[in-house]
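Please go through the structure below with the ligand site in view, and then turn to a few points in the protein chain.

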Amino acid sequence: MAETLLEVKKLKTSFFTHLGEAQAVRGVSFEVNKGEAIGIVGESGSGKSVTSLSIMKLLQHPGKIVDGEILFKEQDIVKKSNREMLKIRGNQIAMIFQDPMTSLNPVYTVGNQIVEAIIRHQKLNKKQARKKAINMLKLVGIPSPEKRINNYPYEFSGGMRQRVMIAIALSCEPDLLIADEPTTALDVTIQDQILKLMKDLKEKIDTSIIVITHDLGVVADVCSRIVVMYGGLIMEQGTSRDIFYNPKHPYTVGLLKSIPRLDLGEKKRLIPIPGSPPDSIHPSKGCPFADRCPHAMRICKERLSPYFNIDEKHKAMCWLLHREAPKVDIKIGVQKGAI
Ligand code: ADP
Ligand code: MG
């Protein structure tokens, strides 16, 4: 049996704004096993970042975890004090963000920032930490790390800066790395290199990884399991195989269709899902995707579907999976080869 590292149970997180309660995360449950990489995928505004910020307990005011548990090594993060979280963050759970320029401090050399991160979390002296920093830069594929360690962030390209961020995040050997849109700001070839690097590192240092992205194509190679989010809810989750070859939720099918297809040329690259994401302050009673779903039935707008298990690891929240629902082919219109 795989060992569970993180178990998110019925997590609800809201922002208490002057317009009302924005229910960003509306009861989300998933787990991450030791050494496993999972993907959280969904369009912008689905609640992916709020889920990860809840795990890190880095929610900004007026955001608040309203309900649920986040068990990390069987201890509930929701109940931890800020002081306890300081020990967990960076040391046991590390996070990298979309734009490494805003996360790196422009006035310190890259080396200084890695050394500082290492010393903060590990009992090493400066010389040992510097040696480790050079090793980390080498590990993430920065050429001549002995020289580059003395450079400032602006002296690195976007892709190289993201590698530096990964080096900082991994220098403390965290049990869990959360990468929120780690490649979104990068061009396609560099994206590919960063993802390969993450996959490589996962195998080398046995860190569990959560990759968050709006692009299903990004997680195909790296993640063994995928969680599909929309409107603050998990629409479907399963192995990468389930999600790519046997999707059961029309929203997942929509995401599959919108994967950029470089091989098909510029014109056919993207078929976005028509319509726009739901209002988190006034969520509907029914499925958040019902308004945009080509197969929506009356019940979809009235009541949220329970999860239907397709198999042990694969489940989806969709009334079409009810045994009395009409049989429709939700994959119609998916580009050949996309699934
Ligand atoms: P994603 O990362 O999937 O693009 P987020 O998790 O950032 O989406 O946001 C989910 C929803 O949470 C947003 O649609 C918005 O309604 C709400 N939200 C996020 N941050 C704030 C905030 N600071 N104040 C109010 N609402 C917020
Ligand atoms: Mg986000």
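By class, seven polar, three nonpolar and two charged residues make up the shell around ligand 1 in this predicted model. The residues concerned are Phe15, Thr17, Ala24, Glu43, Ser44, Gly45, Ser46, Gly47, Lys48, Ser49, Val50 and Ser280. Helix α1 gives the largest share of this shell, with three residues.

Side chains in the shell also make polar contacts with the ligand. In Lys48, a side-chain N or O atom is 2.8 Å from an oxygen atom of ligand 1. The side chain of Ser49 likewise has an N or O atom 2.8 Å from an oxygen atom of ligand 1. For Ser280, the distance from a polar side-chain atom to an oxygen atom of ligand 1 is 2.7 Å. Taken on its own, ligand 1 has 560 Å² of accessible area, and the protein covers 67% of that area. Two or more residues of the shell come from each of β1 (4-17) and α1 (48-56).

The next point concerns a charged residue in a strand. Glu236 sits in β10, which spans residues 233-239. Glu236 is buried but has no salt bridge. What is the nearest side chain of opposite charge to Glu236, and how far away is it? It is that of Lys248, at 7.7 Å, whereas a salt bridge requires a side-chain nitrogen of Lys or Arg within 4 Å of a carboxyl oxygen of Asp or Glu. The contacts listed for the Glu236 side chain are instead with backbone: it reaches the backbone nitrogen of Lys248 at 2.9 Å and the backbone nitrogen of His249 at 2.8 Å.

The backbone itself deserves a look in the loops. Between α1 and β4 (63-72) runs a loop that contains Pro62. The peptide bond leading from His61 to Pro62 is cis, and its omega is near 5°. Lys57 is also placed in the loop between α1 and β4. Its phi is near 55°, which is a positive value in a residue other than glycine. Lys57 counts as partly exposed because its relative accessibility is 23%, and the range for that class lies between 20% and 50%.

A positive phi is also found at Lys73, a residue other than glycine, where the angle is near 50°. Lys73 belongs to the loop between β4 and β5 (75-76). Is Lys73 buried or partly exposed? With a relative accessibility of 39%, Lys73 counts as partly exposed.

Technical notes. Residues are numbered from 1 along each chain as its sequence is written. Chains are lettered from A and ligands numbered from 1 in the order in which they are written. This is a predicted model: local features need pLDDT of at least 70, side-chain atom pairs count only at pLDDT 80 or more; totals for chains, interfaces and linings use all residues. Side-chain values use heavy atoms; hydrogens and water are left out. A residue is near a molecule or strand if one of its heavy atoms lies within 4 Å of it. A polar contact is a pair of N or O atoms within 3.5 Å; within protein, one must be able to donate a hydrogen and the other to accept it, and residues adjacent in sequence count only if both atoms are side-chain atoms. Accessible areas come from the Shrake-Rupley method with a 1.4 Å probe; for residues, only the protein chains shown count as cover. Helices (H or I, at least four residues) and strands (E, at least two) are DSSP runs, numbered from the N terminus. Ala, Val, Leu, Ile, Met, Phe, Trp, Tyr, Cys and Pro count as nonpolar, Asp, Glu, Lys and Arg as charged, and the others, Gly among them, as polar. Buried means under 20% relative accessible area, exposed over 50%, partly exposed in between (1.4 Å probe, protein chains only). Lys and Arg count as positive and Asp and Glu as negative; His and the chain ends are not counted.
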